[in-house]
Amino acid sequence: MGTQLNAYTSREHTLYHTLSFKSNIAKSVEIMGDMLCNSNYDNYHLELEKDTIWQELEATNNDHMETLMENVYYNIYREHMMGQPILGDIDNIYQIKRDMVVDFHKTNYFGENMVIVGTGAVNHQ
């Protein structure tokens, strides 16, 4: 199809994005909508993602600037969710269960919490 799909999480938001040819824009938006609204969260892929997050946390913990910034946010926003580590706590990664992810998705992934932006050769109609 010639489309890239990627995502990342920051302290303020989670971003899902596609990059596609003009002829594939509608299909790309459809796929992303299906992904966000009808995710399965099967246990096999959840376990794979835990390993990925653990590896990212290990890399972050070995990066002095990342560690410094996590500590700055923690000390500034200690009693607020902004003070929590972006990727979570390394000791808690393997404690996450499918039901927790599904509950988080149901609580946070709905229309009023989402912004859809299209740039480039997009017909916004």
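Trainee: Among contacts in the chain between residues at least 6 apart in sequence, what share joins residues at least 24 apart?
Mentor: The share is 53%, where a contact means heavy atoms within 4.5 Å. This is a predicted model, in which local features need pLDDT of at least 70 and side-chain atom pairs count only at pLDDT 80 or more, while totals for chains, interfaces and linings use all residues. Residues are numbered from 1 along each chain as its sequence is written, and side-chain values use heavy atoms, with hydrogens and water left out.

Trainee: And in what order do the elements run?
Mentor: From the N terminus on they run β-β-α-α-α-α, with helices (H or I, at least four residues) and strands (E, at least two) taken as DSSP runs numbered from the N terminus.

Trainee: What about Met 69, where is that?
Mentor: Met 69 sits in helix H3 (residues 64–76) and is partly exposed, at 36% relative accessible area.

Trainee: How many residues does H3 have, and how far does it reach?
Mentor: H3 has 13 residues and reaches 18 Å from its first C-alpha to its last, close to the 18 Å expected, that expectation being 1.5 Å times one less than the number of residues.

Note on methods
Buried < 20%, exposed > 50% of the residue type's maximum accessible area, 1.4 Å probe, protein only.
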